[in-house]
Amino acid sequence: MTDHATDDRGIDRILEAWLRPGPSDLPDERFASIVAVVGRTSQRRRLRRFGNGSVPRPVGRRLAAAAAALLLVTSAGALVLGARWSAGPATPAGPSTPEATVPPTATVIELAVRDLAFVPTDLYAPADAPFEIRLADEDTQVPLGLEILDDAGRSRYASEVATGVTMRTFPVPALPTGTYAIRDRVHPNTSGVLHVGSAEPTGPALSPSPAPTFAHVVITTAGHAFTPTAVSFPVGRRFFIELHNLDTGVSHGIAIDDATGTPMLRAGASSGPVSIYPVDAMPAGSYVIFDPADPAVRATLVVVGSDGP
Amino acid sequence: MNTARPRRPIVSVHGVPLGAGMGQCVDLQLVEAARNGDREAYAELLRGRAGRLYAIAQRILRDPERAEDAVQDALVLAWRDLPALRDPARFDAWLHRVVVHACLAEARRTRRMTARLVELPVDIAVGRDDYLDVVEREALDRAFLRLAPEQRVLLVLRHYAGLETAAIAEVLGVPHGTVRSRLHHAHRVMRAALEADARGAFAGGTSA
């Protein structure tokens, strides 16, 4: 061996002979998996250049591009709810009732599942009109399906069971006035009460298409970097950051500091592929999102709008 | 370095070298379609490339499963970021770069977690050659895993993928001269590691 390794030519030959054999085909099932993931993955429409041999643009143009990207993210934030609800892999299971046709002006009820509990536990819907339940599932690795039962215990609506779907929309057919039980089909103790035809006691009156109470954005971490590096939310709203961890086996998390370095959010890191971090409404301003496991991994969060009186 | 020996030919389209030795003819229409969100076009692009990229990743990481993971991460990230690729003719170099970065990230993780020594099974039907015996291959495995991930990348791109230094420079995004000096250094480190292994002094100490 050492005889061969006495000069670069010897090393050349040794390395080529050594490296040549071995697997050279990606297994078919892995290729199919990649194509399937691509099928569920949206492309990023960023203005950042990402090519070989490209010449960096002048700083002024880069700033302009960054500003444009920020505007894009801001405007996309208004649409992100509708765009994200149905994303994600689903594993349909079990019987379900036929989906209702819900008009675009129908009432939308926001619901979250956290630690196998509904938040809130009391929901309010209009009588005799279809409505939608939009659900943010923070227990991402837990299967979930919604079921609504009347006071006689009869099932009036049952969705399919799915795992790993973080945001789902359930179109519920019209129900007569009454009080119904709503529960997770998989975990019946995850339950709440659906009040149909009665006004919410402390909240605003029922209205068609009420403004969503929270927003949602996806941040990907891969190769020790966040993508995108700038996100924006409207002021005064609770929101969710969904962290997609592409660094297999490596823990990542989300922490938020304000401009003075004051902690606004501290959450544990996870090596799981998807983690959801609920963030309470924050005042308008610029914040730093970073990975507590690797503080050099950073992004900018801008909360836009007026804080009001 | 033996620069006189013939290497793999550079594929060209319309007389212009494309992919700079990536061994692949770039279908610009497919790349353009994929950039515009055509998943079928992207799958078609991958169909002819995934095997080679996996082979490169596997040789850098010396672990088939981690190589699969790295390639999957890279190809999904490449799809997401494809709209930002400005020059479709550079698709192959860009894709190699994404895969190499994924391998580097994977290798660093591996190194952090544990000093793994994963050795390739010797495939007699495919992998045996007249030049190296099993003992030598094991010594090479040990020496190679002593290298920094960046050095492994250089050696694989050069001696497995058959890329010229200019093409490696394009993949890595560093100057041509930097590749040459780093490649020379990687050869020296590899040689030192092999010599140390032969002396039975492999365990402990640095190799270069």
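Tutor: Start with confidence. pLDDT is the predictor's confidence in each residue, on a scale from 0 to 100. The model here is predicted. Over residues 203-213 of chain A, pLDDT stays under 50. The model still has 20 contacts for that stretch beyond four places in sequence.

Student: What makes those contacts count as contacts?

Tutor: Heavy atoms within 4.5 Å. That is a distance criterion. Where pLDDT is low, the predicted coordinates should not be read in detail.

Student: What is the mean pLDDT of chain A, and which stretch at residues 1-6 matters?

Tutor: The mean for chain A is 70, and 67% of its residues reach 70 or more. Over residues 1-6 of chain A the pLDDT is below 50, with 19 contacts beyond near neighbours in sequence.

Student: And what is the mean pLDDT of chain B?

Tutor: Chain B has a mean of 75, and 71% of its residues reach 70 or more. Residues 112-130 of chain B fall below 50, with 25 contacts beyond near neighbours. Residues 201-208 of chain B also stay under 50, and there the model has 16 contacts beyond four places in sequence. For the complex, the predictor gives an ipTM of 0.73 and a pTM of 0.44.

Student: How many helices and strands are there in chain A?

Tutor: Chain A comes to 3 helices and 18 strands. Chain B has 10 helices and 2 strands. In chain B the order is β-β-α-α-α-α-α-α-α-α-α-α along the sequence.

Student: Why is A:Ile182 called buried?

Tutor: Buried means under 20% relative accessible area. A:Ile182 has 0% relative accessibility, so A:Ile182 counts as buried. The residue is found in strand 8 (residues 178-184) of chain A.

Student: Which residues is A:Ile182 in contact with, leaving aside its neighbours within four places?

Tutor: Among them are A:Phe118, A:Leu123, A:Ile133, A:Leu146, A:Ile148, A:Val193 and A:Leu194. A:Leu146 is 36 residues from A:Ile182 in sequence, yet their C-alpha atoms are 7.0 Å apart.

Student: What makes a set of residues a nonpolar core?

Tutor: Its members are buried nonpolar residues, joined through side-chain atoms within 4.5 Å. The largest nonpolar core has 70 residues. B:Tyr42, B:Phe91, B:Leu95, B:Leu157 and B:Met190 touch the most other members. Helix 5 (residues 91-113) of chain B gives the most to this core, with 10 residues. Apart from it lies another core of 21 residues, among them A:Phe233, A:Ile241, A:Ile256 and A:Ile289.

Student: What does B:Leu157 touch?

Tutor: Beyond four places in sequence, B:Leu157 touches B:Ile56, B:Val100, B:Gly162, B:Leu163, B:Ile168, B:Val171 and B:Leu172.

Student: What makes the pair of B:Phe91 and B:Trp94 tilted?

Tutor: The centres are 6.1 Å apart and the planes stand at 40 degrees, so the pair is tilted. Stacked needs under 30 degrees and edge-to-face over 60. B:Phe91 and B:Trp94 are 3 residues apart in helix 5 of chain B, so about one helical turn separates them. B:Phe91 and B:Trp94 are buried.

Student: How do you know that B:Arg59 lies over the face of B:Tyr160?

Tutor: The distance cut-off is 6 Å from CZ of Arg to the ring centre, and there is an angle limit of 35 degrees from the ring normal. B:Arg59 is at 4.1 Å from the ring centre of B:Tyr160 and lies over its face.

How values were computed:
Residues are numbered from 1 along each chain as its sequence is written. Chains are lettered from A and ligands numbered from 1 in the order in which they are written. This is a predicted model: local features need pLDDT of at least 70, side-chain atom pairs count only at pLDDT 80 or more; totals for chains, interfaces and linings use all residues. Side-chain values use heavy atoms; hydrogens and water are left out. Helices (H or I, at least four residues) and strands (E, at least two) are DSSP runs, numbered from the N terminus. Buried means under 20% relative accessible area, exposed over 50%, partly exposed in between (1.4 Å probe, protein chains only). Rings of Phe, Tyr and Trp (its six-membered ring) pair if their centres lie within 6.5 Å; planes under 30 degrees apart count as stacked, over 60 as edge-to-face and the rest as tilted.
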